[in-house]
Amino acid sequence: MLPQFAIAGHGSEPSAGRRGAEPGLPGAPRPQPPLPGRPRSSPMPDRRRRGAPGARSCLLWLFVLLKSAEPFQVAVREDNCIVVSLEASDVVSSSSVYVVKIAGESKNYFFQFDEFNSTLPAPVVFNAKYHGLYYIVTLLVVNSNMVSKSARSITVLTKPLPVSNVSIYDYKPSPETGVLFEIQYPEKYNVFTRVNISYWEGKDYRTMLYKDFFKGKTVFNHWLPGICYSNITFQLVSEATFNKSTLVEYSGVQHEPKQHRTVPYPPRNISVQIVPINRNNWEEHSGNFAEESFIGPQEIVRKEKSSRPSESPTATPAANSSAGWLDERSNSTEDGTSSQPPWWSSEAESSEGEEEFVRAGSRDYEATDANTGSGRPTAEPPPFLPVQMVLTWLPPKPPTAFDGFHINIEREENSTEFLTVSEDTHKFVAELKEPGKYKLSVTTFSSSGSCEVRGSQSAKTLSFYISPSGEWIEELTEKPQHVTVTVLSSTTALTSWTASHESSGNSTIVSVLSLTCQKQKESQRLEKHYCTEVNSSSSLIENLVPGAQYQVVVYLRKGPLVGPPSDPVTFSIVPTGIKDLTLYPLGPTAVVLSWNRPFLGVFRKYVVEMFYFNPSTMTSEWTTYYEIAATVSLTASVRIANLLPAWYYNFRVTMVTWGDPELSCCDSSTISFITAPVAPKITSVEYYNHLLYVTWTYGGDGPDLSHSRMLHWMVVAEGKKKIKKSVTRNVMTAVLSLPPGDIYNLSVTACTERGSNTSMPQLVKL
């Protein structure tokens, strides 16, 4: 009997109609190319020796046939092992060999059952490498008489490995309906097609298959706002279709179940109204704590004084007497006080009795008393009368699960009241007992279920101001439009904008920030005034620095309330440019440029340019020679080399700013110069028939002097007499008429408009 073994198979799966037939046998299909990613396995060599004894195993493999009988048993264990059991109905004879072929991975595996007689052999166990992959298990029966038999195949699907960790985040573009799922799982040898997501949506159980996972992440944007989603689990799902039947395997759940609550939508149409409270009605509703609510200490003393003459056992309580007194004050105010002229004296009011002294806090009396010199004590300003705040809103848009609303009231940015109302409440009324700046916000919260409580985003924050006199200043929602900045000079600019007719009376805040200052190192900052945001109520911007770039934002202001910012406007101040540009020649081919800069100015760099005729390109244009980074030094210089001798040059130094786009100044900072020529070299001197023939060269072999600023040559022979001769620049030969018998010092000078250069003198004896 053949020993148990595992070898590479034939590299192709059996066809649906003739599965298990081997290549080379009658009726066997042709070998097919291997699937992508599965290398072709070499076919088994033909080792048949017809009639030879001891060749039973080779003959058996050559006549492997498929057996169509009752199915053998195939099972997949939890440790991903495939167990193949031989059934009694599969046994043809004890002399047959039973082999299991397992296909699915990159190569096929063959396993042989042990020899058996009366009892069935032990199952074949195959340790599958891949989780979530389908395997085709085929039983092959090899008959000793070489009689063809058929076999049967069974497809099994291994279970994928489970998810190990799960993270759930808000989907930032839409936290009300979207979440970001991030799962972690073993990636090697783990195959799955989809992910099963199960959870409880409130009290309803949901499950769905999802396949759009990329690198373990996906966005799920189908949840309901404010709902508590609990017991969220993930299972990897493997699916395979074989012979028109579908196999599905789910991984287990090993990660900790998660829960997540989506953010509820905020309430809608939030609005606030401030209603003045009639003092008479307010005191009636205030009861015994009216004095503690709004009346200042000095007025309390006055009320005590006014009530002392009426003290008696039958006197009414203080609260009732106060309410009755206010009723009287209200009537008298309607009949007389409202028609008082502003000059009404304090004595006229005091003559009506001590009770009338309580009214000394009215505006008319206060103004009159301030202008009199009667010497009576000055009346205190009236106390702040509480106002009623009415806050209304509508519930969030459906479908939003919520359990109530949070109301946040902030006063002067240092005192906060946090209130909670039920989901059926859409109106909140409160009395504001102190003046100041208030901020209101209403948010929705959801708390039902086991998830954490979550509140909505603030849809709108309302701001208003209550003055000490009870005036209500609403929130400013308009922003200035068409903001423009006009540069008046190198240090000042004017800001202008447009606003609606309703906002024309509001004041403004002009905020200025230097953008240049942020781009420089602190040690090299040349402009420091607007390095931080500077706010001003004036539209005129001063103390600007030439070369800097600024950003301006305008706000409307009414009282202490500030409206939204305008669109930012950026403007730049043109730099003033350099001054005192000076050139120092260093010879025929080099110069030094030096210059100063203004003390007030900011810039990024100096750009040194030069203009000349380029003989190689036959063009004249400005080209950048060097760039120098800005420093705090007021003086800078640069050496320019490799110039052409006897050539015309124009040099320019500009200051370039940090702005975007860059600004530069100034093109007028230029200086022109003609370089000196090089010294000619005398090559030959001949004297013949009272004539001296002189030849020289200039700057190499045959230079082109057509574009040079060379004017002429000056040939000088100095002896007893000094003889000069001017020669045109295109000729490098001269003839001098000299009498014999003298010694001459001979030289040739190259001459330009602004300079010259003389050759080495040569002594000539005639």
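1. A residue counts as buried under 20% relative accessible area, as exposed over 50%, and as partly exposed in between. Leu 209, at a relative accessible area of 33%, is therefore partly exposed. Please keep in mind that this is a predicted model.

2. Leu 209 sits in strand β12 (residues 204–210). Together with Val 248 and Tyr 250, Leu 209 makes a nonpolar surface patch of about 220 Å².

3. Now to the cysteines: a search of the whole structure turns up three disulfides. One of them joins Cys 228 to Cys 451, with an S to S distance of 2.1 Å. Cys 228 belongs to strand β14 (residues 228–242) and Cys 451 to the loop between β22 (436–446) and β23 (454–455), so this pair ties together parts that are 223 residues apart in sequence. The link is right-handed, with 75 degrees about the S-S bond, and both cysteines are buried.

4. Cys 517 and Cys 531 are also joined, S to S 1.7 Å, and with 80 degrees about the S-S bond their link is right-handed. Cys 517 is buried at 0% relative accessible area, and Cys 531 is buried at 13%.

5. The sulfur atoms of Cys 665 and Cys 666 are 1.4 Å apart and form a disulfide; both residues are buried.

6. Finally, have a look at the open sheet of three strands, ordered β17-β18-β21 with antiparallel pairing. Its edge strands are β17 (268–276) and β21 (427–432). Seven bridges join β17 to β18 (residues 387–394), and Val 275 has Gln 388 in β18 as its bridge partner.

Conventions
Residues are numbered from 1 along each chain as its sequence is written. This is a predicted model: local features need pLDDT of at least 70, side-chain atom pairs count only at pLDDT 80 or more; totals for chains, interfaces and linings use all residues. Side-chain values use heavy atoms; hydrogens and water are left out. Two strands pair if DSSP finds at least two bridges between them. Helices (H or I, at least four residues) and strands (E, at least two) are DSSP runs, numbered from the N terminus. Patches are made of residues with over 30% relative accessible area and no salt bridge: like charges are joined within 9 Å, nonpolar side chains (Val, Leu, Ile, Met, Phe, Trp, Tyr) within 5 Å. Accessible areas come from the Shrake-Rupley method with a 1.4 Å probe; for residues, only the protein chains shown count as cover. A salt bridge is a side-chain nitrogen of Lys or Arg within 4 Å of a carboxyl oxygen of Asp or Glu. Buried means under 20% relative accessible area, exposed over 50%, partly exposed in between (1.4 Å probe, protein chains only). A disulfide is a pair of cysteine sulfur atoms within 2.5 Å.
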